Each structure stands twice: as C-alpha cells, then as structure tokens.
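This report describes a structure for a reader with a computational interest. The sequence and the model are shown first, and a discussion by topic follows.

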Amino acid sequence: MLTFIDSHAHLADPAFDADRNEVAERARSAGAKAVVCIGESIAAAERSAALAARHPGFLFATAGVHPHDAASFDPQSDVDAIRALVSRGAVAIGECGLDYHYDHSPRELQRRAFASQLALARELARPIVVHTRDAEEDTAAMIAEAGEAGVRGVLHCYTGSHRLAEIALGVGWYVSFSGIVTFKKWSDDARIRLVPEDRILVESDSPYLAPAPYRGKRNEPAWVSFTVAHVAAARGVDSAALGVQTAHNAVRFFDLPKSSRSDS
Ligand SMILES: [Zn+2]
C-alpha cells in the first residue's frame, strides 16, 4: 500500500464544490496521510482554513497571495490577514512568489508582495510555499537572502533550472514535484535526482496538472500516486519507500502532527 502526503492542493477551489468530501475520501483511500490545502489568496486561505477545521489531522491550510494577484496585494491588510490565519493554524505562508511568464501583475509589485511574505515567514518562523516561473534571477536572489536569514521554503511544482534548485537546496529549502513529471514532454529526470532524499516533496497542484494517464482532466490528490511512481522510478527507488520518505519530509517541513506520519 502506497502512502504519501499531497504537499500542495487547491482543494478550496470551486472546481471541488460539488464533491469535495468525496475527493478527500478518495485521497485517503489512495494512501494520503494528509493534504496541504493551499490558500493562494486571502479568500482561498479562509476557505482552506475552514476545510482544515472540518478535517482535523488530515487537511491542513496555508495562507498567502499568489504572484498573479500581487497588483492588489496590500502590505498591511493582507499581511495582517495572513498573520491571523497562521495564528488560527495555517501551517505555512503561500503560495506566493514570482511569475514572469504570465506577468498578470507588474513585476515590481510581484517582488514587493513576495518580499512581504518572505519577511512574514521569517517573523513567524513558518515555512513558505513558493511559485516561480521564468523569474530565475530574482527568485534566486530573494530566496538566497531569505534562506540565509533562516526562512525555510519549498519551490513547488518545480520545472526550473538545475541552478535555481541548487541555490534553494543550498540554503536548506525543499523542492516539490507535480504530475508534470509524468507528461510525455518531461525529459529531465536528472532534475528529480539532484534533490536529496530528505528534501523532496510531491504534490498534486490539483485541480490543475493531472498526471498521466488522466492528463487534461480535473486533478485530485488521490492521483499523486502516479507522480510518486514516476519520481521513484527516476530515482531508482521503490514507490512505497519514496512515498514514506516524502511524507516524512512533508511532516518535517510543515511541522505537521506526528499522526500524519506514514509509519503510524
Ligand atoms: Zn498552486
């Protein structure tokens, strides 16, 4: 039996409004010990916190503002809202970061929102969940500085360069892989192998990025099992062992209760 922790799912997304409880139950049946529900906006973080409260010990929430929405980020009220959500049990800041691929918000405002959330992670001593796309130089500079100041983070759904991953790993950060590694166009298993076994996480990023053989469908946490299988094969290890290892890593990274550990 496979066990794993989905380190990044948007379970508060309206895509799950019709069957959210069934989705959570399917995740549990597939071997999920926990699912981290990402708050990519204050509204989504509030919904994630409510979900976590309804499924204690299984669903956990984060709170942050995505780079796509950085233009409307308010360094006072949004930071206060995230701080309040953390005091109510959110396990991490984010997702936040930089996205120069879509540029939905001006880059300067993306950097400002990301810097605010890195500073908050440092202040609250909580981990941070980072989205980065086509923004390697600025991401590298900002996470290196934060990492040296003691902030721990994860580069989620990682598709960036080896160099950026090495910079993140060098300051103690984690790297998470999604269903993208199962796509036909994925050709860089070396990127999976460069992450040490105690620093690798797996995620669905659901409802997006369903792994093969479900590519194009609405994704859900249960299907992280396909990602675990590919990551394990790339590393030449057993799927069950990789699932256990990544679950331990998620418990350590998010400081989840030990009951979420895969060996209990
Ligand atoms: Zn996400």
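Predicted model: local features only at pLDDT ≥ 70, side-chain atom pairs only at ≥ 80, totals over all residues.

## Burial at the metal site

H8 and D205 are both buried. H8 and D205 belong to the protein donors of the zinc ion, which are H8 through NE2, H10 through NE2, E95 through OE and D205 through OD. These donors lie 2.0 to 2.6 Å from the zinc ion. Along the chain, the donors of the zinc ion follow the spacing H-x1-H-x84-E-x109-D.

The arrangement of the four donor atoms is irregular because the angles they subtend around the zinc ion run from 84 to 177°. The ideal angle for four tetrahedral donors is 109.5 degrees.

H156 is placed in the loop between β6 (153–155) and α6 (162–170). Its relative accessibility is 5%, and H156 therefore counts as buried, the cut-off being under 20%.

The C-alpha atoms of H156 and D205 are 8.7 Å apart in space, while the two residues are 49 residues apart in sequence.

## The sheet and its helices

Eight strands form an open sheet with parallel pairing, in the order β1-β2-β3-β4-β5-β6-β7-β8. β1 and β8 stand at the edges with a single partner strand each, so one side of each has no neighbour in the sheet. From one strand to the next, the twist averages 30°.

Two helices may be described against this sheet. Helix α1 (residues 20–30) packs on the sheet and touches β1 and β2, its direction making about 140° with that of β2. Helix α8 also packs on the sheet, touching β1, β7 (174–177) and β8, and its direction makes about 150° with that of β8.

Strand β2 (residues 32–37) and strand β3 (residues 59–63) run parallel and are joined by three bridges. V36 has F60 in β3 as its bridge partner. Two bridges join β3 to β4, again in parallel, and here T62 stands opposite A92 in β4.

Strand β4 (residues 92–99) is mostly covered, with eight of its eight residues buried. β4 pairs with strand β5 (residues 128–133) in the parallel sense over five bridges, and the bridge partner of C96 in β5 is V130.

## Nonpolar cores

In soluble globular proteins, nonpolar side chains tend to be buried together. The largest nonpolar core in this model has 70 residues, of which L11, V35, F114, I128, W173 and F177 touch the most other members. Leaving aside neighbours within four places in sequence, F177 is in contact with Y158, W186, R191, I192, V195, I200, L201, V202, E203, T227 and V231. A second, separate core has 17 residues, among them F60, A92, V129 and L256.

Methods: Residues numbered from 1 in each chain as written. Heavy atoms only, no water. Donors = N, O, S within 2.8 Å, 3.2 Å for Na, K, Ca; no water. Tetrahedral: all angles 85-135°; square planar, octahedral: opposite > 155°, others 65-115°. Buried < 20%, exposed > 50% of the residue type's maximum accessible area, 1.4 Å probe, protein only. Pairing = 2+ DSSP bridges. Helix = DSSP H or I, 4+ residues; strand = E, 2+ residues; numbered from the N terminus. Axes fitted to C-alpha atoms, helices over the stretch in contact; angles between N-to-C directions. Contact = heavy atoms within 4.5 Å. Core = buried A, V, L, I, M, F, W, Y, C linked by side-chain atoms within 4.5 Å.
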